[in-house]
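Please open the model in a viewer and keep the selection tool to hand. The tour below moves from one stop to the next, saying at each what to select and what is there.

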Amino acid sequence: MTGKELILNFLKRNSKLSLIVTIIMALIILLLVTIFPNMPADNAVNVSNSWPQIMKDLFGDPVYGFTDIYGWLYLQIFHITYWLAFGLLGAILAAHIVAKEVEENTIDILLSYPITRSSLVISRIITVTIIMIIVTIGMIFICAVGILIAGYPVYMILIIQVSLAGFLLSMIFVSISLFISIWAFQQTLSVFFTLGVMGFFFMYEEVLVKLHPFLDKLSFFNPFHYYQPGEILIHKSFSIRNSICMLAYFLFFFILSLLFFNRRDITQ
């Protein structure tokens, strides 16, 4: 089996799941964008004052989200919803690369083909990346359509920039899930552990650092330190450095996974 055949086979096996998640998210995004409240600033301030600070840390400040549709896009979609949905999809796809084959007792058959272990993982990561890129392009289109339906101008550069950030964060889910799945050879453990780790990172950056500022010294280890959708959508500021750091985070765990898998004994 060639690398191209591996890519097509893996793509075919996971296309249904990817399509279902994409359609559900498209409907959610359209719904959320089109119900933008467009509050007067004074009303939004009153709502913000009624929210406890921890709620604003977790879900975003309504001062921005209720008065500007791009702030609303941040508040309702990119702050949590987007990366949680597609991070979960990425984690599941990554767990299918090796752990699913081990659980289904098909890994020996797969490795009997004239391919190296590295080629197997690389070809399938390429497939996952292709799926996530297609999904991201679809979400860019859906966000733009939702804003048009709501009757507001579409700033494609902002949507593309924030979608790129969401894509890179989702790929970090992929690499962490891949590493865990190669270590444990269990799909469910890989997915839930990845969600747990990323959930902790989110809480650390959005809550703990604000409660205990000295923790900010360790934030450079946290992928959410570099995921800044609010800066993009509210303050119109895009950082190439943040994108590079998230890409480096993905590559670190991906390379670590390759090295570990090449030395890992497979027992079924």
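Is the crossing of H10 and H11 right-handed or left-handed? The crossing of H10 and H11 is right-handed, where a crossing is left-handed if the near helix is turned anticlockwise from the far one by less than a right angle, and right-handed if clockwise. Before going on, note that this is a predicted model, in which local features need pLDDT of at least 70 and side-chain atom pairs count only at pLDDT 80 or more, while totals for chains, interfaces and linings use all residues. Residues are numbered from 1 along each chain as its sequence is written, and side-chain values use heavy atoms, with hydrogens and water left out.

**First stop: H10 against H11**

Select residues 156-184 for helix H10 and residues 187-211 for helix H11; helices (H or I, at least four residues) are DSSP runs, numbered from the N terminus. H10 and H11 pack at an angle of about 135°, and their axes are 8 Å apart. That makes H10 oblique to H11, given that angles under 35 degrees count as roughly parallel, over 145 as roughly antiparallel, 65 to 115 as roughly perpendicular and the rest as oblique. The axes are lines fitted to C-alpha atoms, for helices over the stretch in contact, and the angles run from 0 to 180 degrees between N-to-C directions.

To see the contact (heavy atoms within 4.5 Å), show the side chains of H10 that take part, including Leu-169, Ile-172, Phe-173 and Ile-176, together with those of H11, among them Leu-189, Val-191, Phe-193 and Met-198. By class, this contact of H10 with H11 has 11 nonpolar, 4 polar and no charged residues, where Ala, Val, Leu, Ile, Met, Phe, Trp, Tyr, Cys and Pro count as nonpolar, Asp, Glu, Lys and Arg as charged, and the others, Gly among them, as polar.

While H10 is still selected, pick out Ser-163, which lies in this helix. At 0% relative accessibility Ser-163 counts as buried; buried means under 20% relative accessible area, exposed over 50%, and partly exposed in between (1.4 Å probe, protein chains only). Leaving out residues up to four places away in sequence, Ser-163 touches Phe-78, Tyr-82, Thr-136 and Ile-140.

**Second stop: H6 against H11**

The contact of H6 with H11 has 9 nonpolar, 4 polar and no charged residues by class.

A search of the whole structure finds 20 aromatic pairs, in which rings of Phe, Tyr and Trp (its six-membered ring) pair if their centres lie within 6.5 Å, planes under 30 degrees apart counting as stacked, over 60 as edge-to-face and the rest as tilted. Select Phe-200 and Tyr-204, a tilted pair with 6.0 Å from centre to centre and 55° between the planes. Being 4 residues apart in helix H11, Phe-200 and Tyr-204 are separated by about one helical turn. Phe-200 is partly exposed at 46% relative accessible area, whereas Tyr-204 is buried at 10%. Apart from its neighbours within four places in sequence, Tyr-204 is in contact with Val-209, Leu-215, Leu-218, Ser-219 and Asn-222. For a cluster of rings, select Phe-36, Trp-51, Phe-66, Trp-72 and Tyr-152, which are linked by ring pairs.

Most residues other than glycine have a negative phi. Select Asn-38 in the loop between helix H1 (3-34) and helix H2 (41-50); the phi of Asn-38 is positive, near 50°, and the residue is partly exposed at 39% relative accessibility. Next take Asn-105, in the loop between helix H7 (99-103) and helix H8 (107-111), where phi is again positive, near 60°, and the relative accessible area of 48% makes Asn-105 partly exposed.

Finish in H7 with Glu-101, which counts as buried at 3% relative accessibility. Beyond residues up to four places away in sequence, Glu-101 touches Arg-13, His-96, Thr-106, Ile-107, Leu-110 and Arg-124.

Technical notes: Helices (H or I, at least four residues) and strands (E, at least two) are DSSP runs, numbered from the N terminus.
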